[in-house]
2 protein chains.
Amino acid sequence: MTGAERSLLVAKAKALKALGHPTRLFMVEELSKGECCVCSLVERIDADFSTISKHLSVLKEAGLVEDEKRGQKVFYRLRATCVTQFIGCIETVIRENAGIHARLAR
Amino acid sequence: MTGAERSLLVAKAKALKALGHPTRLFMVEELSKGECCVCSLVERIDADFSTISKHLSVLKEAGLVEDEKRGQKVFYRLRATCVTQFIGCIETVIRENAGIHARLAR
DNA sequence: ACGATATATGGCTATTTTGCCAAATATGAT
DNA sequence: ATCATATTTGGCAAAATAGCCATATATCGT
């Protein structure tokens with residue numbers, strides 16, 4: 001594997017890892033409906049606002065979202081709409097596993 | 001969010017998290033070319049075989065791969081071919097980030 | 001039965017991740 | 001200027017993860 005291939009692999013893994021947390025995945029799903037400010041996510045998620053802010057920075061570092069400050073608020077939006085599609089793919093996989101769903105949710 | 005929605009979210013995050021490691025992502029990419037035995041992956045990956053075995057069990061627990069023992073060997077294969085597609089999606093996202101690629105690979 | 005091969009698992013340590021609190025920063029309102 | 005609101009960042013402790021070694025287990029060949 002070349003250095004460039006390795007870098008790409010690591011970057012892809014980083015993006016997938018960023019999606020691999022229930023709270024961050026939820027955020028991405030919410031953002032897929034349209035941009036929103038941090039404060040709006042704080043209302044929808046039961047966690048400290050500092051925790052939410054850190055989760056957003058993980059998504060940003062992974063290249064999945066971008067932010068824009070407008071006034072006091074910072075708005076986040078998905079950089080990659082295809083992310084929504086592959087979350088759907090994962091969902092299909094999970095649902096196909098219906099029989100062992102309980103185990104997977106553990 | 002209902003309990004079922006929450007379970008689905010957690011299961012999806014678990015699958016994405018499983019993909020969020022360079023070695024496991026590489027394994028999945030290799031498996032997308034066709035099933036193969038653990039011993040074959042051991043040859044392609046520079047890590048202890050016990051480490052490789054554990055990574056495979058993570059993928060299996062997440063519902064992404066299935067295994068079948070044939071003789072001494074255990075063969076693994078992708079349960080979800082769509083996984084390949086969304087890895088392509090992620091790759092597109094990463095490549096779009098070309099300008100900040102170096103930062104993402106860190 | 002015995003030794004070799006293939007894989008999984010237990011145990012351990014080092015590293016990373018999470019999530020809360022407190023503090024810092026920036027913007028808007030009065 | 002002062003204060004409230006919105007967000008980020010530093011710091012810390014608990015929990016989870018990664019990876020190696022040693023060990024256990026199963027299968028094959030002799």
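1. Surface near DNA strand D. In this predicted model, helix H3 (38-44), helix H4 (49-61) and strand E3 (73-78) of chain A, along with helix H4 (49-61) of chain B, each contribute at least two residues. Helices (H or I, at least four residues) and strands (E, at least two) are DSSP runs, numbered from the N terminus. H4(A) supplies the largest share, 6 residues.

2. Near means that the C-beta atom, placed from the backbone, lies within 6 Å of the strand. By type, this surface has 9 nonpolar, 10 polar and 5 charged residues. Ala, Val, Leu, Ile, Met, Phe, Trp, Tyr, Cys and Pro count as nonpolar; Asp, Glu, Lys and Arg as charged; the others, Gly among them, as polar.

3. Surface near DNA strand C. Of 24 residues, Asp48(A), Ser50(A), Cys39(B), Ser50(B) and Ser53(B) come nearest. Two or more residues each come from H4 of chain A and from helix H3 (38-44), H4 and strand E3 (73-78) of chain B. H4(B) gives the most, with 6 residues.

4. Nonpolar core. The largest has 55 residues; Ala15(A), Val28(A), Leu64(A), Ala15(B), Val28(B) and Leu64(B) touch the most other members. A core joins buried Ala, Val, Leu, Ile, Met, Phe, Trp, Tyr and Cys residues through C-beta atoms within 7 Å. Buried means 20 or more other C-beta atoms within 10 Å of the residue's own, all placed from the backbone.

5. Conventions. Residues are numbered from 1 along each chain as its sequence is written, and chains are lettered from A and ligands numbered from 1 in the order in which they are written. Local features need pLDDT of at least 70, side-chain atom pairs count only at pLDDT 80 or more, and totals for chains, interfaces and linings use all residues.

Technical notes: A residue is buried if 20 or more other C-beta atoms lie within 10 Å of its own, exposed if 12 or fewer, and partly exposed in between; C-beta atoms are placed from the backbone.
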